[in-house]
Amino acid sequence: MCNQFRIPKLALIKQYLTEDLDLPLVEPKINDEEKDVFPNQTAPVLLYQNNQLQLVNKNWGYPSPVDANKPLFNARIERFYEPKPSMWDESFAKQRCIILASEFFEYAKNTYQADNGKKYHERYSFKSKQPITMIAGIYDHNNFAMVTTDPNSDMRPIHNRMPLVIEPSELRRWLFQNFTSLINRDSISLSVQKQPHKK
């Protein structure tokens, strides 16, 4: 379950989207700051709305129908294909977005003991080979969720799920078209780095 990613600076986002990918992005009205984002915090997501491709600030996590204090911030892509209806269905069908990250983080099952005697899970950072890692997302009103899928060979030793990372050539498919072919991420190569232990 991914619960942290880092937003790149706005200047880098704009350069990558408009110059590298040649996308017709509307001039963003968001803060130009690099920061780590956690559930229940605001982040810009890329979406097509009102006939415009734009960056819009939304809150990470859908309100939970069970516990208002625990937002649902990861959405399994397989859920859309199951017969039983889910709270994600309409968003998967009509309200898809792209989460832009310089990297995202995941905790492994392995633990270590810190100097303070406490046990912590090992932590890793992941990013694509592109200047910005694009992750599939869905949204509803002012909220968004990160889409997850089965792990590829880079993620599998560490975690049993992974964010659905999107290649630049797949961006339009995720936003506008049938996305069934994007479920399997075995072809995606991620850079993996173990984070320093807590002391």
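P44 stands opposite N57 in strand 4, within a pairing of strand 3 and strand 4 that is antiparallel and comprises eight bridges. The model is predicted, with a mean pLDDT of 92 for the protein and 99% of its residues at 70 or more.

**Strands 3, 4 and 6**

- The hairpin of strand 3 and strand 4 has two residues between the strands, and N50 adopts a positive phi near 55° in this hairpin.
- Strand 3 also pairs with strand 6, in the antiparallel sense, over two bridges.
- V45 has I99 of strand 6 as its bridge partner.

- Strand 10 covers residues 143–149, and seven of its seven residues are buried.
- Burial applies to both faces of strand 10: N143, A145, V147 and T149 lie on one side, while F144, M146 and T148 lie on the other.
- The pairing of strand 10 with strand 4 is parallel and has two bridges; here W60 stands opposite F144.
- Strand 5 likewise pairs with strand 10 in the parallel sense, over three bridges, and R76 stands opposite T148.
- Strand 9 pairs with strand 10 in the antiparallel sense over four bridges, with Y139 opposite F144.
- In the hairpin formed by strand 9 and strand 10, two residues separate the strands, and H141 takes a positive phi near 55°.

- An open sheet is formed by five strands in the order 2-1-7-8-13, with antiparallel pairing.
- Strand 2 (35–37) and strand 13 (190–194) are the edge strands, each of which pairs on one side only.
- On average, neighbouring strands of this sheet are turned by 30° against each other, direction ignored.
- Within the sheet, strand 7 and strand 8 (residues 119–128) are joined in the antiparallel sense by seven bridges.
- Y107 stands opposite R123 in strand 8.

**Helix 1**

- Helix 1 spans residues 10–20, and its buried residues include L10, I13, Y16 and L17.
- Viewed down the axis of helix 1, the buried residues fall within an arc of 135°, and they therefore line one face of the helix.
- A11 and E19, on the other side of helix 1, are exposed.
- The cover over the buried residues of helix 1 includes strand 1 (5–7), strand 3 (42–49), strand 4 (52–60), strand 6 (96–101) and strand 9.

- A75 is located in strand 5.
- With a relative accessibility of 0%, A75 counts as buried.
- Apart from its neighbours within four places in sequence, A75 contacts W88, F92, I138, A145, M146, V147 and T148.
- The C-alpha atoms of A75 and G137 are separated by 8.4 Å, although the two residues are 62 residues apart along the chain.

- E78 is in the loop between strand 5 (74–76) and helix 2 (89–94).
- The relative accessible area of E78 is 18%, so this residue is classed as buried, the cut-off for burial being under 20%.
- A polar contact of 2.9 Å links the side chain of E78 to the side chain of R161.
- Setting aside neighbours within four places in sequence, the residues in contact with E78 are T148, T149, D150 and R161.

**Model confidence by element**

- Among the elements of the protein, strand 7 (residues 103–113) has the lowest mean pLDDT, at 85.
- The highest mean pLDDT among the elements, 98, belongs to strand 9 (residues 133–140).

Methods
Residues are numbered from 1 along each chain as its sequence is written. This is a predicted model: local features need pLDDT of at least 70, side-chain atom pairs count only at pLDDT 80 or more; totals for chains, interfaces and linings use all residues. Side-chain values use heavy atoms; hydrogens and water are left out. pLDDT is the predictor's confidence in each residue, from 0 to 100. Two strands pair if DSSP finds at least two bridges between them. Axes are lines fitted to C-alpha atoms, for helices over the stretch in contact, and angles run from 0 to 180 degrees between N-to-C directions. Buried means under 20% relative accessible area, exposed over 50%, partly exposed in between (1.4 Å probe, protein chains only). The arc is that of the directions from the helix axis to the C-beta atoms. Contact means heavy atoms within 4.5 Å. A polar contact is a pair of N or O atoms within 3.5 Å; within protein, one must be able to donate a hydrogen and the other to accept it, and residues adjacent in sequence count only if both atoms are side-chain atoms.
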